[in-house]
Amino acid sequence: MEHPDPTTVLVVDDSDAKRYLLVRWLTRAGFTVVEADSGMAALERVAAGDIDLVVLDVRLGDLSGFEVAERIKSHPALAATPVIHVSAHAVDVADRAQGLTRGADAYLAEPIEPDELVATAHAVLRYYRARRHAETLAAGLTRLAETTVAVNTARTLSALLTAAAVGAAEIFGSGAVVAADTVTAGSSAGDRLVAAVADPSADPVVREWPAAAVVVPVGAVVRTDQSEQWPQLEWPTGEVAVGTARLRDDRPPVHVAVPAAVLREQADVLRLLVQSVATAVEAQRTFDEEHRIALTLQRSLLPQRIPTVAGYDLAVRYVPASAQTEVGGDFYELTMIDGQLLAAIGDVTGHSLYAATVMAELRHAVRAYAVEGHPPATLLAKTDQLLRALLPGELATICLLMLDPATGRIRLANAGHPPPLLVVNGTAAFVEHRAPLLGLAAPRPGDLELYLPPGGTMVLYTDGLVERRSENIDDGLATLAVSAAHVEPDLEAYADRILTDLATAHVADDIAVVALRRTA
């Protein structure tokens, strides 16, 4: 009978004649057979690897077969190697019990029939293969769960594919390649990337991916490709196992490539992995699209141009939260009304498209009440009343001022917003004017009057500039005061430097900055 898979059997016996018979029977059955004539030689050969089964005589010249089996089973790397004891001597129950107790998986005594030996070998190997498959599957599913968490918490496509490639390498104990893109039909926005890791201990490499058009149906499939189709790694054979998943007709597929040997026992794990990665990529694609739409809407609701005011320089900066964060409700306003400069900055609580729409309503309300000629404190009181009537439960902060360009006289009102910063002659001081947030039915103070001298600069900002999760806001305010104290001749450069000094690489909240300087 021909054995279906190449299996290497080590035959251990110090009798040449008996060893010859065992080798002959097993070879005829389709096994690859190697030999050892002593216990120590057997241990060395098993330790060298690639032994699937040991057929071991009980009585050897140097070590007993019992001791050899016991040493094999006590070694962590060799414990899964099955052992069959054979004995040419009379065997009693105690011998059999000792052999099985000390590690043998089966015990055959003479007279041994060739068919009995072959059948026992097949039975033992089936058990161990099933056991290894179950252990491999369990370990793979455990690592799959860990990888699923990693890919779903990744902030960018690059990080997601890196986590998937590292996870695949750990799951399958091999090199792995993961490729995907976020480019949708009819759009050039998005990324095409491929992540490759040579082995579980290697560092992953992420590159641009010249994605080929692969027509696959919606769903997940596992197939084999030629290795040259995945040149990111050197593969052990000419074929590569590829899991491909596509969740929607209008989306490109996601691919996970690993050595073809994976298909023998872990094809299902590969299918589950690529489905998990595709789901995470799809979630990121969807979020990125919604974020772009929301950000476009948010920007369209902000002032499209800055007024020109004789004797004054004006500069604004708006930095949206990073792509992994929802849009917020930060806004600013700069406009001339009846010869007065209206400057306002505000923030609606929450981060969502809804917050951006609330922001737009408040900004238009501020403009409308300003056109009616209301002073800042009254303007905020009316805006507060409107907010509570139309959007109960919503909260917002606003700092607003009306500037007379001719005199530098300012009337200012604040509703729970971070205090503006006044810089005069290199000294920066916060203008405190405490009042409750908009949306709270609470008494409000009147206007605060102050003066902006020639050369003086006023800086309005939102809390995204000075708040850090790991720091006290007072530290952020102190840093802002130091940064803003020196005002460059070019106010645009001044605004840029403030952002450079205070904004982090990953902007967790929108940032708006308005700077105005009186030049004469």
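**A parallel sheet and the rest of the chain**

Tutor: Let's begin with the whole chain. The protein chain has an accessible surface of about 23,600 Å² (Shrake-Rupley method, 1.4 Å probe; for residues, only the protein chains shown count as cover), and carbon and sulfur atoms account for 54% of that surface. This is a predicted model, so local features need pLDDT of at least 70 and side-chain atom pairs pLDDT 80 or more, while totals for chains, interfaces and linings use all residues. Residues are numbered from 1 along each chain as its sequence is written, and side-chain values use heavy atoms, leaving out hydrogens and water.

You'll find eleven helices and 21 strands in the protein chain; these are DSSP runs, H or I of at least four residues for helices and E of at least two for strands, numbered from the N terminus. Of its 520 residues, 50% count as buried, meaning under 20% relative accessible area with a 1.4 Å probe and protein chains only (exposed is over 50%, partly exposed in between). Take contacts (heavy atoms within 4.5 Å) between residues at least 6 apart in sequence: 65% of them join residues at least 24 apart.

Now for the close look. The part I've picked is an open sheet of five strands, in the order β2-β1-β3-β4-β5, with parallel pairing. Two strands pair if DSSP finds at least two bridges between them. At the edges stand β2 (32-36) and β5 (106-109); each has a single partner strand, so one side of each has no neighbour in the sheet. From one strand to the next, the twist averages 20 degrees (axes are lines fitted to C-alpha atoms, for helices over the stretch in contact, with angles from 0 to 180 degrees between N-to-C directions). Zoom in on β3 (residues 53-57) and β4 (residues 83-87): four bridges hold this parallel pair, and Val54 sits opposite Val83 in β4.

Helices pack here too. Helix α2 (residues 39-47) touches β1 (8-12), β2 and β3, with its direction at about 165 degrees to that of β1. Helix α3 (residues 65-74) lies across β3, β4 and β5, at about 180 degrees to β4.

What else is there? Another open sheet of five strands runs β12-β21-β20-β17-β18, with antiparallel pairing. Its edge strands are β12 (312-319) and β18 (427-430), each pairing on one side only. Inside this sheet, β17 (residues 421-424) and β20 (residues 457-461) pair over three bridges in the antiparallel sense, and Leu422 faces Met458 in β20. Helix α11 (residues 491-502) lies across β12, β17, β20 and β21 (511-518), running at about 30 degrees to β12.

Then there's the largest nonpolar core, with 33 residues: a core is a set of buried Ala, Val, Leu, Ile, Met, Phe, Trp, Tyr and Cys residues joined through side-chain atoms within 4.5 Å. Leu160, Leu161 and Phe172 are among the members that touch the most others. Helix α6 gives the largest share, ten residues. Phe172 touches Val258, Val262, Gln266, Val269, Leu270 and Leu273, leaving out residues up to four places away in sequence. Apart from this core lies another, of 25 residues, including Met359 and Tyr369.
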